[in-house]
Amino acid sequence: MASEQLTSQDYIRHHLQNLTYGEHPDGSWGFAHSAQEAADMGFWAIHVDTMFFSILTAVLFLGLFKLVVNRVTSGQPGGLQNFVETIVEFVDTQVRDSFHGKSPLIAPLALTIMVWIFLMNLLDLVPVDWVPQLAAAMGIEYLRIVPTADINAPIGMAIGVFFLILFYNIKIKGVVGFTKEMTLHPFGKWLMPFNLLLETVTLVAKNVSLAMRLFGNLYAAELIFVLIATVPFWAQWTLHVPWAIYHILVVPLQAFIFMVLTIVYLSMAHETEEEH
């Protein structure tokens with residue numbers, strides 16, 4: 001429910017503002033107390049809330065799977081073990097169907113991506129006022145709970161995938177083979193500069209679209225939840241419940257899409273010229 005001290009616009013801006021730490025124009029370091037202060041901190045400012053909740057969900061993921069591994073049994077498994085085994089088998093099936101190279105890294109990477117992004121996305125179902133109000137009680141002015149609704153997190157993950165694509169392209173095809181692929185396709189040696197430009201744009205665009213798809217869906221979902229919170233209380237449940245039910249489908253779907261596209265892009269990086 002929107003605070004009585006804030007207008008609807010102020011309320012929306014407040015809930016979409018990250019807790020930002022960085023260097024102020026006067027050279028001092030500290031937290032930003034407004035959107036303008038956060039912007040003035042520049043590129044090297046850190047969104048502390050995004051980092052905190054990203055790490056928190058990663059620890060939850062690793063701790064949960066570690067717990068299952070420590071208690072795994074060959075007899076009748078418990079519900080948690082069944083659940084985790086189902087996820088692992090599902091991801092393994094996706095890797096076998098989509099990845100045509102050989103690498104022991106791809107399946108664990110795909111599992112990590114899907115579960116981690118799912119947990120980060122799942123935080124969007126927490127009522128929008130709970131975390132900001134808890135933060136305010138602790139003297140924290142801003143706090144956003146969904147890391148994937150902050151462009152920095154999806155871009156960071158996409159950059160990681162980008163470097164893996166480059167690594168496997170060079171590892172599998174060699175520097176010469178990768179250079180030929182970037183300069184000779186699709187129009188042959190007579191248009192090498194154009195080929196290089198086109199292939200570079202294509203390579204970068206894959207990763208930009210990977211990040212923007214995840215960010216766009218989660219940011220829009222978060223924004224709609226915040227907008228619903230600004231309407232009269234009697235209308236909030238009418239709008240909130242169906243949107244939350246729909247969002248339950250969005251949360252795993254976006255994690256799945258990011259995982260599958262990562263597998264496909266890395267599979268393409270393993271393809272040699274003869275396989276094209």
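This is a predicted model: local features need pLDDT of at least 70, side-chain atom pairs count only at pLDDT 80 or more; totals for chains, interfaces and linings use all residues.
Buried would require under 20%.

Which residues does His47 touch, leaving out those up to four places away in sequence? They are Asn18, Leu19, Thr20, Asp150 and Asn152. Asp150 is 103 residues from His47 along the chain. Even so, the C-alpha atoms of His47 and Asp150 are separated by 8.7 Å.

## The chain as a whole

The protein chain has nine helices and three strands. Read along the sequence, their order is α-β-β-α-β-α-α-α-α-α-α-α. The C-alpha atoms fill a box of roughly 65 × 60 × 35 Å along the principal axes.

The protein chain has 276 residues, and 39% of them count as buried. Take the contacts with a separation of 6 or more: 68% of them join residues 24 or more positions apart. The accessible surface comes to about 15,800 Å². Carbon and sulfur atoms account for 70% of that surface.

In soluble globular proteins, nonpolar side chains tend to be buried together. The largest nonpolar core here holds 46 residues. Within this core, Val91, Ile117, Phe258 and Met259 touch the most other members. Seven elements are listed as giving two or more residues to the core: helix H3 (48-70), helix H4 (79-98), helix H5 (106-122), helix H6 (130-137), helix H7 (152-184), helix H8 (192-229) and helix H9 (233-270). Which helix gives the most? H5 does, with 10 residues.

Phe258 shows how one member is surrounded. Beyond its neighbours within four places in sequence, Phe258 is in contact with Ile113, Ile117, Met157, Ala158, Val161, Leu210 and Leu214. A second core is separate and has 11 residues. Among them are Tyr11, Leu16, Val128 and Val226.

## Charges and salt bridges

The protein chain carries 12 positive and 22 negative side chains. The centres of the two sets lie 14 Å apart. Side chains of opposite charge can pair when their charged atoms come close. How many salt bridges are counted in this model? The count is four.

Asp92 is partly exposed, at 30% relative accessible area. Arg96 reaches 55%, so Arg96 counts as exposed.

## Buried charged pairs

Glu222 forms a salt bridge with Arg144, and their closest N and O atoms are 2.4 Å apart. Glu222 belongs to helix H8, while Arg144 is in the loop between H6 and H7, so the pair ties together parts that are 78 residues apart in sequence. Are these two residues buried or exposed? Glu222 is buried at 5% relative accessibility. Arg144 is also buried, at 5%.

Lys173 and Glu181 make another salt bridge. Their closest N and O atoms are 2.8 Å apart. Lys173 is buried, with a relative accessible area of 15%. Glu181 is buried too, with 14%.

## Two exposed residues

Trp44 lies in the loop between helix H2 (35-40) and strand S3 (46-47). Is Trp44 buried or exposed? Trp44 is exposed, because its relative accessible area is 70%. Phe90 is 46 residues from Trp44 along the chain, and the C-alpha atoms of the two are separated by 39 Å.

Thr238 lies in helix H9. Its relative accessible area is 57%, so Thr238 is exposed. Thr238 and Ile140 are 98 residues apart along the chain. Their C-alpha atoms are separated by 31 Å.

Technical notes. Residues are numbered from 1 along each chain as its sequence is written. Side-chain values use heavy atoms; hydrogens and water are left out. Helices (H or I, at least four residues) and strands (E, at least two) are DSSP runs, numbered from the N terminus. Buried means under 20% relative accessible area, exposed over 50%, partly exposed in between (1.4 Å probe, protein chains only). Contact means heavy atoms within 4.5 Å. Accessible areas come from the Shrake-Rupley method with a 1.4 Å probe; for residues, only the protein chains shown count as cover. Lys and Arg count as positive and Asp and Glu as negative; His and the chain ends are not counted. The place of a charge is taken as NZ of Lys, CZ of Arg, CG of Asp or CD of Glu. A nonpolar core is a set of buried Ala, Val, Leu, Ile, Met, Phe, Trp, Tyr and Cys residues joined through side-chain atoms within 4.5 Å. A salt bridge is a side-chain nitrogen of Lys or Arg within 4 Å of a carboxyl oxygen of Asp or Glu.
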